[in-house]
Amino acid sequence: MSKKIVISIGHGTSIHGGYDPGALSKDGKYEEHKIAAEIGRYAAEYLGCKLINYDGSMSLTDRIDEINRIDPDFCADIHLNAGGGTGTEVFYYHNSPTGKRAATEVCRQISSELDVHNRCAKIKLNKYGKDYFAYIRCTRPCAILIETVFIDNDSDLEKIKTPDGMQRCGYAIGRALEKSIIKYQ
């Protein structure tokens, strides 16, 4: 049986209707949503799966509603991190062995392909003991949130700011999900 996967792109339309680019590079030339959209497009191309919010027209609530309407087996939201760190990390639902397996493999593939620090698969809980990220907490299928690299770290940004870098990152995500979700026995 084939697994149905949806790739979505973080940021775009804010809940109030304006444009939310997400994080920016130090010089302000690169936007999280625009780079994440291309990485996600390549991941979806590799997997032959549905891609949502490529054009940035959906808020977080819209993305969650659309994923729950589609009802896939698995979903992944693509982002770029910020805050002065380096490397890749992936968040997963705190009680999900499937999410942990996928998050671990995505980190491994991105780290290896782009030669960036593997910050590992992680959970993040809010003060109520629930998953911090609404994307993970509110989607019905198993979900991961991928922080590909740090957009505000020049070394990380250099790896993914070109079409070739975006494709390499997207295909690494695709390979990871193929191995950990589609072909996993």
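Glutamate 105 is buried, because its relative accessible area is 10%, where buried means under 20% relative accessible area, exposed over 50% and partly exposed in between, computed with a 1.4 Å probe on protein chains only. This is a predicted model, in which local features need pLDDT of at least 70 and side-chain atom pairs count only at pLDDT 80 or more, whereas totals for chains, interfaces and linings use all residues. Residues are numbered from 1 along each chain as its sequence is written, and side-chain values use heavy atoms, with hydrogens and water left out.

The side chains of glutamate 105 and arginine 108 form a salt bridge with an N to O distance of 2.7 Å; a salt bridge is a side-chain nitrogen of Lys or Arg within 4 Å of a carboxyl oxygen of Asp or Glu. Both residues, glutamate 105 and arginine 108, belong to helix 3, three residues apart, which is about one turn of the helix; helices (H or I, at least four residues) and strands (E, at least two) are DSSP runs numbered from the N terminus. Arginine 108 is partly exposed, with a relative accessible area of 40%. Glutamate 105 also forms a salt bridge with lysine 179, whose closest N and O atoms are 3.8 Å apart. Because lysine 179 lies in helix 6 and glutamate 105 in helix 3, this pair ties together parts that are 74 residues apart in sequence. Lysine 179 counts as partly exposed, at 46% relative accessibility.

## Other salt bridges

Across the whole structure, a search finds 13 salt bridges. One of them joins the side chains of lysine 34 and glutamate 31, at 3.8 Å from N to O, and lysine 34 counts as exposed because its relative accessibility is 53%. Side chains of opposite charge can pair when their charged atoms come close.

Strand 8 is mostly covered, as nine of its nine residues are buried. Strand 8 pairs with strand 5 in the parallel sense over seven bridges and with strand 6 in the antiparallel sense over four bridges, where two strands pair if DSSP finds at least two bridges between them. On one side of this arrangement, cysteine 75 stands opposite alanine 143 in strand 8, while tyrosine 92 has isoleucine 144 in strand 8 as its bridge partner.

Glutamate 147 is found in strand 8, which covers residues 142-150. Glutamate 147 is buried yet has no salt bridge, and the nearest side chain of opposite charge, that of lysine 124, is 8.4 Å away; for charge, Lys and Arg count as positive and Asp and Glu as negative, while His and the chain ends are not counted. The side chain of glutamate 147 does reach the backbone nitrogen of asparagine 81, at 3.1 Å. Apart from its neighbours within four places in sequence, glutamate 147 is in contact (heavy atoms within 4.5 Å) with residues including His79, Leu80, Asn81 and Phe91.

## The nonpolar cores

The largest nonpolar core has 40 residues, and those with the most contacts inside it are Ile7, Ile144, Ile173 and Leu177; a nonpolar core is a set of buried Ala, Val, Leu, Ile, Met, Phe, Trp, Tyr and Cys residues joined through side-chain atoms within 4.5 Å. Among the elements that each supply at least two residues of this core are strand 1 (5-9), helix 1 (32-47), strand 5 (74-81), strand 8 and helix 6 (163-182). Helix 1 gives the most to this core, with eight residues. A second, separate core of 12 residues includes Val6, Met58, Ala143 and Leu145.

Isoleucine 7, with neighbours within four places in sequence set aside, is in contact with residues including Gly40, Ala43, Ala76, Ile78 and Leu177. Isoleucine 35 is found in helix 1 and counts as buried because its relative accessibility is 4%.

## Threonine 139

Threonine 139 is found in the loop between helix 4 (134-138) and strand 8, and threonine 139 counts as buried because its relative accessibility is 7%. The side chain of threonine 139 reaches the backbone oxygen of tyrosine 135 at 2.7 Å. Leaving out neighbours within four places in sequence, threonine 139 is in contact with Ile64, Ile67, Asn68, Cys75 and Ala134.

Key. Polar contact = N/O pair within 3.5 Å; in protein donor to acceptor, adjacent residues only side chain to side chain.
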